[in-house]
Amino acid sequence: MNAKSIITQATSYTTKLLRNRFGKGPESVSIHLCKNCVVFHLKNFISPVEKFLISQEEEQAFRYTRDLIMKSLLPELRSFLQHQLHMDVIDWYYDWGLHHASGVIVALLGPETSPATDYKHKQIIHQQIIQTTNALQKPPEYIDSWWVNTRMLFIFRRGTTILLEKEFIALGYEQMLRVTKDKLEKRLLEKQTNIEQIVGKKIADLYVDWNFEKDHSMIIYLFEDHMTAEPVRQEG
């Protein structure tokens, strides 16, 4: 099965699945494939009730509701990817861009292999991410990254959770921790890194998520179409 056929099938299935579960599907679903992951990018994905929750500064309620639905939805999406498209999903991530109702769902593909191919400025980017992660948590025990396409940079981290966070999770405050970390980490990534200058592209969106059970986490930088400097060229 070629990439175009995979994207067509996955787009149709995912759009219907989201509409059935949430009562309103996204305006569009863009699917981006690479050997390491599948990224579902959702645009204009928010219901009237969710708009109301956000307008009342009830972000925690918004995220809690979405998390419940996503946890019931992901097994079906995994089954579709595995049985229909023959993809082995080893991890899931998702995050929402509330400022313009966007979102991503990410299927990390396995098995886990050697580090991704090097690209221009990879080590510099890793250094900045490590420094920023250390300001909020602790330096990752492992970090890797790759370009999903020319606009989307994926960063994977392992081993960043500190003892205090683990205690919050054990006490049942995972949702509050997730909402707080989402805001803090995005703020730090925006203020304490200069990724735009490094890659020569303007950031359009930023997504983060954590798998606390595995102590894994991801960052996705989505860049605008036009270039502000020389384009990034992948090496190797």
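Q: How many positive and negative side chains does the protein chain have, and how far apart do the centres of the two sets lie?
A: Lys and Arg count as positive and Asp and Glu as negative, with His and the chain ends not counted. The place of a charge is NZ of Lys, CZ of Arg, CG of Asp or CD of Glu. Here the protein chain has 29 positive and 29 negative side chains, and the two centres are 4 Å apart.

Q: What kind of model is this?
A: This is a predicted model, in which local features need pLDDT of at least 70 and side-chain atom pairs count only at pLDDT 80 or more, while totals for chains, interfaces and linings use all residues. Residues are numbered from 1 along each chain as its sequence is written, and side-chain values use heavy atoms, with hydrogens and water left out.

Q: How does the radius of gyration compare with that of a compact globule?
A: The radius is taken over C-alpha atoms, and the globule rule is 2.2 Å times the number of residues to the power 0.38. For 236 residues the rule gives a value near 18 Å, and the protein chain has 17 Å, which agrees. Its C-alpha atoms fill a box of roughly 45 × 45 × 35 Å along the principal axes.

Q: What share of the residues is buried?
A: Buried means under 20% relative accessible area, exposed over 50%, and partly exposed in between (1.4 Å probe, protein chains only). In the protein chain, 49% of the 236 residues are buried.

Q: How many aromatic pairs does the structure hold?
A: Rings of Phe, Tyr and Trp (its six-membered ring) pair if their centres lie within 6.5 Å; planes under 30 degrees apart count as stacked, over 60 as edge-to-face and the rest as tilted. The structure holds 11 such pairs.

Q: Why is the pair of Y13 and F80 stacked?
A: The ring centres of Y13 and F80 are 4.1 Å apart and the planes are at 5°, so the pair is stacked. Helices are DSSP runs of H or I (at least four residues) and strands runs of E (at least two), numbered from the N terminus. Y13 lies in helix 1 (residues 3-22) and F80 in helix 3 (residues 59-83), so the pair ties together parts 67 residues apart in sequence. Y13 is partly exposed at 26%, whereas F80 is buried at 9%.

Q: Why is the pair of W147 and F223 tilted?
A: Their ring centres are 5.7 Å apart and their planes at 35°, so the pair is tilted. W147 is in strand 5 (residues 142-149) and F223 in strand 8 (residues 216-227), 76 residues apart.
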